[in-house]
Amino acid sequence: MTKYLFEANYVGEGITGLMREGGTKRREALEEALGSVGGSLECFYYAFGDIDVLGVLDVPDQASAAALSLMINSTGSVDVRLKPLMTPEDIDEAAKKTPSYRGPGQ
């Protein structure tokens with residue numbers, strides 16, 4: 001499983017739906033969507049400011065994460081962004097690799 005940070009904003013009818021259904025029903029809808037691709041919800045929080053809702057998802061593969069993002073965004077009522085999360089051990093492994101790269105103009 002890969003962990004993803006999700007950040008989302010309700011737009012248009014999504015705001016109306018949130019007000020009508022409440023926060024727990026929207027969390028349940030996300031849990032159901034995640035379950036349909038073999039994923040799960042680690043945490044889910046509402047906020048105010050530039051992000052309406054955020055949390056951490058466990059998703060089995062990139063295709064499933066992309067499918068969720070496409071499905072949710074296609075409703076037009078939520079703008080969701082997923083960011084893959086890495087562990088400190090992932091960074092340790094990355095630091096051991098030495099890719100070849102030439103910077104612009106070098």
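This is a predicted model: local features need pLDDT of at least 70, side-chain atom pairs count only at pLDDT 80 or more; totals for chains, interfaces and linings use all residues.

User: How many bridges pair S1 with S4, and in which sense?
Analyst: Another contact point between the strands is Leu5, whose bridge partner in S4 is Lys83. Two strands pair if DSSP finds at least two bridges between them. S1 and S4 are antiparallel, and their bridges number seven.

User: Which residue in S3 stands opposite Glu7?
Analyst: S1 also runs antiparallel to S3, and seven bridges join the two. In S3, the residue opposite Glu7 is Leu54.

User: What is the order of the strands in the open sheet?
Analyst: The sheet has four strands, with antiparallel pairing. Strands S2 (40-46) and S4 (78-84) each have a single partner strand, so they stand at the edges, with one side of each lacking a neighbour in the sheet. From one strand to the next, the twist averages 20 degrees. The order is S2-S3-S1-S4.

User: What angle does the direction of helix H2 make with that of S2?
Analyst: Helix H2 (residues 23-36) packs on the sheet and touches S1, S2 and S3 (53-59), contact being heavy atoms within 4.5 Å. Axes are lines fitted to C-alpha atoms, for helices over the stretch in contact, and angles between N-to-C directions run from 0 to 180 degrees. For H2 and S2 the angle is about 155 degrees.

User: Which residue in the turn between S2 and S3 has a positive phi?
Analyst: S2 and S3 run antiparallel, joined by six bridges. Leu41 faces Leu57 of S3 across this pairing. The two strands form a hairpin with six residues between them. The phi of about 120 degrees belongs to Gly49.

User: How far apart are the closest N and O atoms of Lys3 and Glu42?
Analyst: A salt bridge puts a side-chain nitrogen of Lys or Arg within 4 Å of a carboxyl oxygen of Asp or Glu. Lys3 and Glu42 form such a bridge, with a closest N to O distance of 2.4 Å.

User: Why does the Lys3 and Glu42 pair tie together parts apart in sequence, and how many residues apart are they?
Analyst: The count of salt bridges in the model comes to seven, and one of them joins Lys3 to Glu42. Lys3 sits in strand S1 and Glu42 in strand S2, so the parts tied together are apart in sequence by 39 residues.

Technical notes: Residues are numbered from 1 along each chain as its sequence is written. Side-chain values use heavy atoms; hydrogens and water are left out.
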